[in-house]
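Here are two exercises to work through with the model open beside you. Try each task before reading its solution.

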Amino acid sequence: MKQEVLRLEKKKKDIAEEDPFIDSRRVSDNASPDTDVVEQIGHARAKALESQINRKLIQVKKALTRIKIGKYGLCEKCGRMIDTDRLMIMPETTICIKCEKKKGR
Ligand SMILES: [Zn+2]
């Protein structure tokens, strides 16, 4: 799971580099409106991907903390064992399916 953190952090960096808005030295004067649109889309996509990765990173780090305190695999809401099939699919999860469903409502 630690590798997952490294992988996500690297991905985040890659996305940040792809974000056209990151280049502050960009000269907007000679950019055509078309280029602007493309950059806007690229920026929005980079932002969306980044927040998605950030959310996942937080979740994975939380799961790592649970491992450290010996509570991994136990639901942080109700304290019951999380279904192993669920853990297999989503190793970063910290709540059981029942609490997840409750949360969704
Ligand atoms: Zn639960």
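Donors here are N, O and S atoms within 2.8 Å of the metal (3.2 Å for Na, K and Ca), and water is not among the atoms, so sites may look incomplete. This is a predicted model, in which local features need pLDDT of at least 70, side-chain atom pairs count only at pLDDT 80 or more, and totals for chains, interfaces and linings use all residues. Residues are numbered from 1 along each chain as its sequence is written, and side-chain values use heavy atoms, with hydrogens and water left out.

**Exercise 1.** Find the protein donors of the zinc ion and state which geometry its site has.

*Step 1.* The SG atoms of C75, C78, C96 and C99 are the protein donors, lying 2.2 to 2.3 Å from the zinc ion.

*Step 2.* Angles among the four donor atoms run from 103 to 115°, and the site is tetrahedral (four donors count as such if all angles lie between 85 and 135 degrees).

*Step 3.* Along the sequence, the donor residues follow the spacing C-x2-C-x17-C-x2-C. C75 sits in the loop between α2 and α3 (84–89) and C99 in helix α4, so this pair ties together parts 24 residues apart in sequence (helices are DSSP runs of H or I, at least four residues, numbered from the N terminus).

**Exercise 2.** Decide whether C75 and C99 are buried or exposed.

*Step 1.* Buried means under 20% relative accessible area, exposed over 50%, and partly exposed in between (1.4 Å probe, protein chains only).

*Step 2.* C75 has a relative accessible area of 3%, so C75 is buried.

*Step 3.* C99, at 8%, is buried too.

Definitions and conventions:
Four donors count as tetrahedral if all angles lie between 85 and 135 degrees; four count as square planar and six as octahedral if opposite donors are over 155 degrees apart and all others between 65 and 115; anything else is irregular. Helices (H or I, at least four residues) and strands (E, at least two) are DSSP runs, numbered from the N terminus.
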